[in-house]
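Open your viewer and get ready to select residues by number. Each stop gives you something to pick and something to look at.

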Amino acid sequence: MTHALAVKTVDAVADRLADPATTPLGPEVEPSHRQHLAYGPTGIALLHIERAAAGAGSWQRAHAWLTAAAREPFTSGPGSHAFYGAPALAHALSCAAEHLPDAYQRARDSLNRQMSVDVSRRLSAANHRADAGHPPELAEFDTIRGLVGYGAYFLRHDPAGTAVRAILDYCVRLAEPIVHEGEVLPGWWTSTGPSGRPDNRFSGGHANSGMAHGIGGVLALLALAMRRDITVGGHREALSTFLAWLNRWQVESGPGLSWPYWVTRDELRSGRLTPSAPRRPSWCYGTVGIARAKQLAALALGNVDGQVEAEAALVAALTDVAQLKATTDNGLCHGFAGLAHVAARTAADARPSTVGQLRAAISPLLGIVCPPGAVAEDLANAVIQDMEAGPGFLNGASGMALALLAPATTTAPVTAWDSCLLIA
């Protein structure tokens, strides 16, 4: 019953977001957000592209949203990043073009050329920074704004191109330690706080663990590439370095293992984490996203023990009342629908002994998003009209709907919509 209601809710969201001319885009969609995958029309287009490719929706709706997105020029170059500007549009167009071979080709080629130039510029700056021995900024490498996000795109949509290997070479170099202010630090150490700005709470900087802004994304990109038989020099050693760091800082949390969102300079010096209340186990930061990255790495390396450990950690996080209480929304990025989607992706690759546990954990998550007895149209309207959620991709209705599909139908996505999250 819960699964059926989730599917009906996806349909209701898609119907409510059918026409860009009549869809309220919510408080997050300011003019500058039009080009953002997280909030703007490109993210909503992904929902219609996935449904159309699966035979459940209209390609006309998908085209309408892509047309609305591209009505004005998209930013490229230094003003863009993996989730903003030309790369955001390229991701949506590529997801559609894989199922419509004669569509969008010229636009894709143009965007790919622009993005390749941007990757070369970013890599040149990153290597110059590394040569000087300075720590990187989060936006240099992370999944949302950095080179790893570009790597996610090219790995899926142009795996034979030069950009993929160049970015993988960069990820390998990121695993090399640096000496900064007289201390040996991991190569992904950043001098700022997690926001990317100076922060007195992070005096001396931090090492970020998350999928969105830390080494979780780097680990996942290297693992996904290796699973596709795309490797560079030092690839395996870099995977081992990132895994060793996460293993060093893992902690017992309730029924299983968890990982900190980040490690501060004081914690690095003392070798101990500051005690904290249970945190949400989300994709962007938290155990669920990191566990999926670790599972992918274990699969790439043929490490059965590592796979078992990662899958057990994810099951524990999804059944830990304390961690689930810290989750307060239904969205993709850090909400219950996102947890269900990552669990479904993990279950598809899991060992037989874990699949049943993961499937069992998914149903209660769907029940939170779509409570028994609720009306699908009411659920769709509520999230679209919510001032914090709206219709967008990362936190809003379109992302929630996309995240419900695989768990509710036990069918993998037809398109590559979630490749930007580096979970598949």
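The tour starts with the whole chain and then visits single residues.

**Before you start**

This is a predicted model, in which local features need pLDDT of at least 70 and side-chain atom pairs count only at pLDDT 80 or more, while totals for chains, interfaces and linings use all residues. Residues are numbered from 1 along each chain as its sequence is written, and side-chain values use heavy atoms, with hydrogens and water left out.

**Stop 1: the whole chain**

Show the protein chain as a cartoon. It has 18 helices and six strands. Helices (H or I, at least four residues) and strands (E, at least two) are DSSP runs, numbered from the N terminus. The radius of gyration is 20 Å, close to the 22 Å that the globule rule gives for 424 residues, so the chain is as compact as a globular protein of that length. That radius is taken over C-alpha atoms, and the globule rule is 2.2 Å times the number of residues to the power 0.38. Along the principal axes, the C-alpha atoms fill a box of roughly 60 × 50 × 40 Å.

Of the 424 residues, 58% are buried. Buried means under 20% relative accessible area, exposed means over 50%, and partly exposed lies in between (1.4 Å probe, protein chains only).

**Stop 2: the core**

Select Phe 242, Trp 283, Phe 393 and Leu 394. In the largest nonpolar core, which has 143 residues, these four touch the most other members. Helix H9 gives the most to this core, with ten residues. A nonpolar core is a set of buried Ala, Val, Leu, Ile, Met, Phe, Trp, Tyr and Cys residues joined through side-chain atoms within 4.5 Å.

Zoom in on Phe 242. Leaving aside neighbours within four places in sequence, its contacts (heavy atoms within 4.5 Å) include Cys 171, Trp 188, Ile 215 and Leu 222.

**Stop 3: the cysteines**

Stay with Cys 171. Is it buried or exposed? Cys 171 is buried, at 0% relative accessibility. Its sulfur is 17 Å from the closest cysteine sulfur, in Cys 420, too far for a bond.

Select Cys 420 next. This residue is also buried, at 8%. The closest cysteine sulfur to its own is in Cys 95, 7.6 Å away, again too far for a bond. A disulfide is a covalent bond between the sulfur atoms of two cysteines. Here the cut-off is a pair of cysteine sulfur atoms within 2.5 Å. By this rule there are zero disulfides.

**Stop 4: two buried polar contacts**

Go to His 213, in the loop between strand E3 (206–208) and helix H9 (215–227). His 213 is buried, with a relative accessible area of 17%. Which side chain does His 213 join in a polar contact of 2.7 Å? The partner is Asp 142. A polar contact is a pair of N or O atoms within 3.5 Å; within protein, one must be able to donate a hydrogen and the other to accept it, and residues adjacent in sequence count only if both atoms are side-chain atoms. Among the other residues in contact with His 213 are Leu 138, Asn 208 and Tyr 285.

Move to Arg 345, in helix H15 (residues 336–349). Arg 345 is buried too, with a relative accessible area of 16%. Its side chain makes a polar contact of 2.9 Å with that of Asp 418. Arg 345 also touches Arg 292, Ala 412 and Ala 424, among others.

**Stop 5: a helix end**

Select Ser 270, in helix H11 (residues 265–270). Ser 270 is partly exposed, at 35%. A polar atom of its side chain lies 3.3 Å from the backbone oxygen of Glu 267.

**Stop 6: positive phi**

Most residues other than glycine have a negative phi. Select Glu 181, where phi is positive, near 55°. Glu 181 lies in the loop between strand E1 (178–180) and strand E2 (183–185). This residue is exposed, at 63%.

Finish at Thr 410, in the segment after helix H18 (397–409). Its phi is also positive, about 50°. Thr 410 is exposed, with a relative accessible area of 53%.
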